Structure formats: C-alpha cells, structure tokens
Amino acid sequence: MKCLTFIAVLATLVIPAAVCRADVPALDHVMVVIMENHSYDQVRVKTYTASLIADYSACTQSYAVTHPSLPNYLALWAGSTFGVNNDNCPSPGSPYYTENLGHACEAAGKTWRSYCEDLPSAGSAVCSYSGYERKHAPWTDFGNLNHSNERPLSDLATDISAGHLPTLSFVVPNQCNSTHDCSLSTGDAWLAARVPGWLDALGPKGVLILTWDEDDDVSGNHILTVFAGATVKNGFSHTGTMNHYNVVRTICDALGLAYAGAAASATPVDDVWAPLIPVKKKTLGSVKAIYR
C-alpha cells in the first residue's frame, strides 16, 4: 500500500512535457521596445534583428492597427485608439481615464516605468524636444496614473544597476534610433548595443517584446514582433494573425493585470513560451520536480 501511495504521489510530481498545455506563464518582468515605420520584410533581414529572430520567437503575421503613430501607441498602452487618427499633441480627447497598462500595474501593486530617449525630464509633458516626440509616449495622455514613472532613457541603466528594474517597462528610442528619421542600420545597431544587457537584466522569468508601431504605409501594416528572453522558445515562429491588442492581452496575462480595452477579447500569444521540462532529482526519501 505504501508503495502504491508513493507511486501515485510521484505521478503527480512528474508530468511529461508533451501533455503540458500551452499558456502564458506568470512573469516577473516584461519590457516592450517600440521601433518605427518599417515593414516586416524590411526589418527582419537586418543583422541584429535577424539574430533575435533566429535565437527566440518571431511573430510572422503581426499587424499594426492603423496609421499614423499615435493611435498605434495608444493601442499598445490601453487597447484602444480612442478614435484618434492624427498625431496631434496632446492627443485629441485626452486626458483619458480608462484602464491602461500603467494604471493596471499600480492597481495590482506592481511597478512600471517608461523610458524615452531624449525626454528632457521625468514626467515632462513637452510635445517635442530634441529627438523626443510625445506622440510616441501614450502614457502622457492619461489622467489616472503616476507620471513620475515617465523617465528619460538614461534612467534605465541606473534602475538596472540598482536592482530596480520595474515589473513593466516601455522603451522608446528617439526619432533617429527608432528608424523614424534615420536608417534601418542605425536602429539595428542601437538595438544590438542595448538589448543583450536588457535581456540579462530581465532574468529567467522575464521577456522582451520588440515590435514596430506601424509599417511604411505600403505593406498592409505588416510589422515584426519578436518575443525574446529565457522564457521563450528558440527559433520559433508564431504564425497566427495578431496585432497590438494581442500584445497587450499577453502582457496582462503574464503579469496578472486587469485587461485594458480590446485586450479583454483578444487572444494571447501563448505558443512562443518554452515548455516546462521537469528534471527529476532524487534525494533520500523524496523525489523533487525542478522546472526551468
């Protein structure tokens, strides 16, 4: 009887990977990096971006939701374009008070920060400064979150060094490094110089989501989205059709956040995650299942 009981307990601990259901895992950190105005076929062949595709998981049928930039950024932040069809500053109809990723983090007791290159100071409401454009910073248009979390990009290195990487972070390059005003090679080199360090900082239960806000207006808004980090499959392609709302839904599921806007009805990207592979470790009188 004791032997049968032990076998039954062992069976509950060691589950074949093949029967594990694909799902979005609970993560400690999510970082979203947003680039500008180029299509899937344009960016996927650039040297560093291609290496991320080869090493991690790429979404091959990812699409922006509209044009121009601002409504796409709003979609990535709050699951809605709010009917906006221009880049006016401030955003038409703002401040908004609907659910968004920042407010959802605050309500859940989690930390968030945006890091915008060339932002002149934390919480600045300036429309344009050097290479910074507020149209690429949707959090500035909401009245229900803490604007002190809107930081210059230089603060990201400081936060990482201090061990204070927030649960959710959004990283926005300036107009040149995002490839809005400069070449694809410039943006690719910018990513190559920074993303490896960010991946290290995200740790074993973090993911970096690299995406583009929209295409060059001639490719049906077909963009590239890449999931990178220790939590995702190597060299995998997610082939399902998706858009910014699916990205928001995936972030909400990964961090346990309230759904924002259209994220509530969107399907999460749930097949890019590395399977939990049990490793049996025997000790005296016990068997442990260890998952990576």
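This is a predicted model: local features need pLDDT of at least 70, side-chain atom pairs count only at pLDDT 80 or more; totals for chains, interfaces and linings use all residues.
Does Thr81 count as buried or exposed, and at what relative accessibility?

Figure 1. Thr81 counts as buried, because its relative accessibility is 19% and the cut-off for buried is under 20%. Thr81 sits in the loop between helix 4 and helix 5 (101-107). Leaving aside residues up to four places away in sequence, Thr81 touches Val65, Thr66, Pro71, Leu74 and Tyr245.

**Figure 2. Helix 4 against helix 8.** Two packed helices are described by the angle between their axes and the distance between the axes. On the helix 4 side, the contact uses Asn72, Ala75 and Leu76. On the helix 8 side, it uses His244, Tyr245, Val247 and Val248. By class, the contact has 5 nonpolar and 2 polar residues, with no charged residues.

**Figure 3. Helix 3 against helix 7.** Here helix 3 (residues 47-55) meets helix 7 (residues 184-202). Their axes come within 7 Å and cross at roughly 50°. That angle makes helix 3 oblique to helix 7. Helix 3 contributes Thr47, Tyr48, Thr49 and Leu52 to the contact. Helix 7 contributes Asp188, Leu191, Ala192, Val195 and Pro196. The residues of this contact divide into 6 nonpolar, 2 polar and 1 charged. Asp188 is the charged one. Thr47 and Thr49 are the polar ones.

**Figure 4. The protein as the setting for the close-ups.** The protein has 8 helices and 13 strands. Of its 292 residues, 48% are buried. Thr81 counts as one of the buried residues. Among contacts between residues at least 6 apart in sequence, 73% join residues at least 24 apart. The accessible surface comes to about 12600 Å². Carbon and sulfur atoms hold 55% of that surface.

How values were computed: Residues are numbered from 1 along each chain as its sequence is written. Side-chain values use heavy atoms; hydrogens and water are left out. Axes are lines fitted to C-alpha atoms, for helices over the stretch in contact, and angles run from 0 to 180 degrees between N-to-C directions. Helices (H or I, at least four residues) and strands (E, at least two) are DSSP runs, numbered from the N terminus. Angles under 35 degrees count as roughly parallel, over 145 as roughly antiparallel, 65 to 115 as roughly perpendicular and the rest as oblique. Contact means heavy atoms within 4.5 Å. Buried means under 20% relative accessible area, exposed over 50%, partly exposed in between (1.4 Å probe, protein chains only). Accessible areas come from the Shrake-Rupley method with a 1.4 Å probe; for residues, only the protein chains shown count as cover.
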